[in-house]
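Thanks for coming, everyone. Let me put the model up, and then we'll walk through it piece by piece.

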Amino acid sequence: MNITEFAPTGTLAAEELGTVHLIGIGGVGMSGLARLLLTRGIPVTGSELRDWPSLAVLRALGGTIHMSHEEANLDGVDTVVYSTAIPADHVELAAARRRGLRVLHRSEALAAAMTGRRTIAVAGTHGKTTTTSMVTLTLQRAGEDPSFVIGGEISEVGSNAHHGTGEYFVVEADESDRSFLLYRPFVSIITNIDADHLNTYGDLAGLAAGFAEFAGLTDPDGFVVTCADNPGTRQLTEALRDEGRTVHTYGESADADLRLSEITSSAAGVRYLATLDGATLGEIALPVPGRHLGLNSAAAVLAALRLGLPLSDAVAALGAFPGVRRRFERKGSAGGVTVYDEYAYHPTSMTAALHTMREVAGAGRLVVVFQPYRVYRTRDLQAELAAALAIADEVIVMEVFGPGELREPGEGGVALTADVPLPDDRKVFVPSWEDVPPEVVRRCRPGDLVVTMGAPPISLLGDELLSALAGPAADAG
């Protein structure tokens, strides 16, 4: 979908939307928007087919949830909101247009909710959710009470959205469908630019051009934050500075404005020494492991300092960082096996996450249950996905999750499994959801670490795995 297909919202404010109906309200992005609107006192209805955990919270806030998709759900509705995952012929979307209701893409509705605030927009191929969460918690620690909408729940807050009283609005900016071009940030953070969403952009050059356009929308009185270690963002930084834009950089590179050194990561967390413009800031530590999370935290620190917030607040917020749901989320242990859930689905983020999982597994084996996300990505990045999965000791691949997409012969989970460079007895394609738990039980032994990884639905599998690992079959094994 091209950004030009979105109708401009102009000066439309959230309070002008009337009663809002969200199609697919249980998804992470839609549920966050729904929560934000409800806490602002705006009537919200929504439709779903699966009873996602977020729905209970939305009902408690006064939302009306229909567990079906049908035209009658639009009765009394003024504005209908859809996401890119909703096809044009969806019964509710088609009916809304036929009735002449206001129809907005999720990003348009979110842009309306940001009116009157200074927006801090976090973009990038990987690390958006974690970085957005870190920025939000740092602002909260400094007493700013920001509004925020994040593509995952901050574990400590138990929310992915909040309507705050402060001047800042922190948002995770999605590049996948160009919808981040609707925002007008005061601060833009770009964590990295790696090949993805090529169905939208055509090639890496097209993607880079999209990020350049996004950065160019930043308020002239604001600034852009980029990673000095990523080739894509380095090139963008040079171009922006040539245009006279204010850009601040972070990373391990010698020329980074905020430089990280002596990075160490273990099961206990990650820590590093930081310097800003050559001056020592001291040690920054997080209670969650992963060098990539250390890099994300540096973006949050740099943005906070350039906004004039105290370093002590940033250090304290990161020192207590609770993590984000579906980002290295510990689900529990059973039968001597520990189960985690991780959202990573792109080869770069999967590689970083799986290396971190190896640190945590210690002497135990790493077993990955992976659900590929999107047919086009699985096809275009199949070799890279396979190489990332090979970091594990045992791999179970499910069928691709790609709503509205068609798989051509030879595409999908079977082909990906065949490409994983592991012996045949250490990898398997399991297309049926109910067959995955017994397969995990069969392959696991005490001391192992299992991670469910990939597309959103697989996050619901963790509890089933724990039940299976604790059950009679596990005892017999």
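Is Glu262 buried or exposed? Glu262 is exposed, with a relative accessible area of 62%. On the cut-offs: buried is under 20% relative accessible area, exposed is over 50%, and partly exposed is in between, with a 1.4 Å probe and protein chains only. Glu262 is found in strand 13, residues 258–266. Helices here are DSSP runs of H or I with at least four residues, strands are runs of E with at least two, and both are numbered from the N terminus. The phi of Glu262 is near 50°, a positive value in a residue other than glycine.

Some ground rules. This is a predicted model, where local features need pLDDT of at least 70, side-chain atom pairs count only at pLDDT 80 or more, and totals for chains, interfaces and linings use all residues. Residues are numbered from 1 along each chain as its sequence is written, and side-chain values use heavy atoms, with hydrogens and water left out.

Confidence next. pLDDT is the predictor's confidence in each residue, from 0 to 100. The mean for the protein chain is 88, and 94% of its residues reach 70 or more. Over residues 1–9 the pLDDT is below 50. Beyond near neighbours in sequence, that stretch has 23 contacts in the model, a contact being heavy atoms within 4.5 Å. Residues 473–477 are also below 50, and this stretch has five contacts beyond near neighbours in sequence. Where pLDDT is low, the predicted coordinates should not be read in detail.

Back to backbone angles. Asp277 is not a glycine, yet has a positive phi of about 55°. Asp277 lies in the loop between strand 14 (269–276) and strand 15 (279–286). Asp277 is exposed, at 53% relative accessible area.

Now strand 1, residues 20–23. Which residues sit on each side of strand 1? Val20 and Leu22 are on one side, His21 and Ile23 on the other. All of these are buried, so both faces of the strand are covered. In a regular strand the side chains alternate between the two faces of the sheet. What does strand 1 pair with? For pairing, DSSP must find at least two bridges between two strands. Strand 1 pairs with strand 4, residues 79–82, in the parallel sense over three bridges. There, His21 stands opposite Val80. Four bridges join strand 1 to strand 2, residues 44–47, and these two also run parallel. Val20 stands opposite Val44 in strand 2.

On to the helices. Ser31 lies in helix 1, residues 28–39. Ser31 is buried, with a relative accessible area of 5%. Leaving out residues up to four places away in sequence, Ser31 touches Ile25, Gly26, Ser54, Leu58 and Asn160. Val57 sits in helix 2, residues 54–60. Val57 is partly exposed, at 31%. Its C-alpha and that of Arg35, 22 residues apart along the chain, are separated by 8.2 Å. Helix 4, residues 106–113, is mostly covered: eight of its eight residues are buried.

Residues 231–242 make up its twelve residues. From first C-alpha to last, helix 8 reaches 17 Å, close to the 16 Å expected at 1.5 Å a residue; the expected span is 1.5 Å times one less than the number of residues. Its buried residues are Gly232, Thr233, Leu236, Thr237 and Leu240. What covers the buried residues includes strand 10 (187–190), helix 7 (204–216), strand 11 (223–227) and strand 12 (247–251). At the start of helix 8, a side-chain oxygen of Asn230 reaches to within 3.0 Å of the backbone nitrogen of Gly232. Just after the helix, Gly244 takes a positive phi of about 90°.

Last stop, Leu461. Leu461 is in the loop between strand 21 (449–454) and helix 16 (462–470). Leu461 is buried, with a relative accessible area of 0%. Among the residues Leu461 touches are Val369, Met398 and Trp433. The C-alpha atoms of Leu461 and Asp341, 120 residues apart along the chain, are separated by 8.9 Å.

Notes: Polar contact = N/O pair within 3.5 Å; in protein donor to acceptor, adjacent residues only side chain to side chain.
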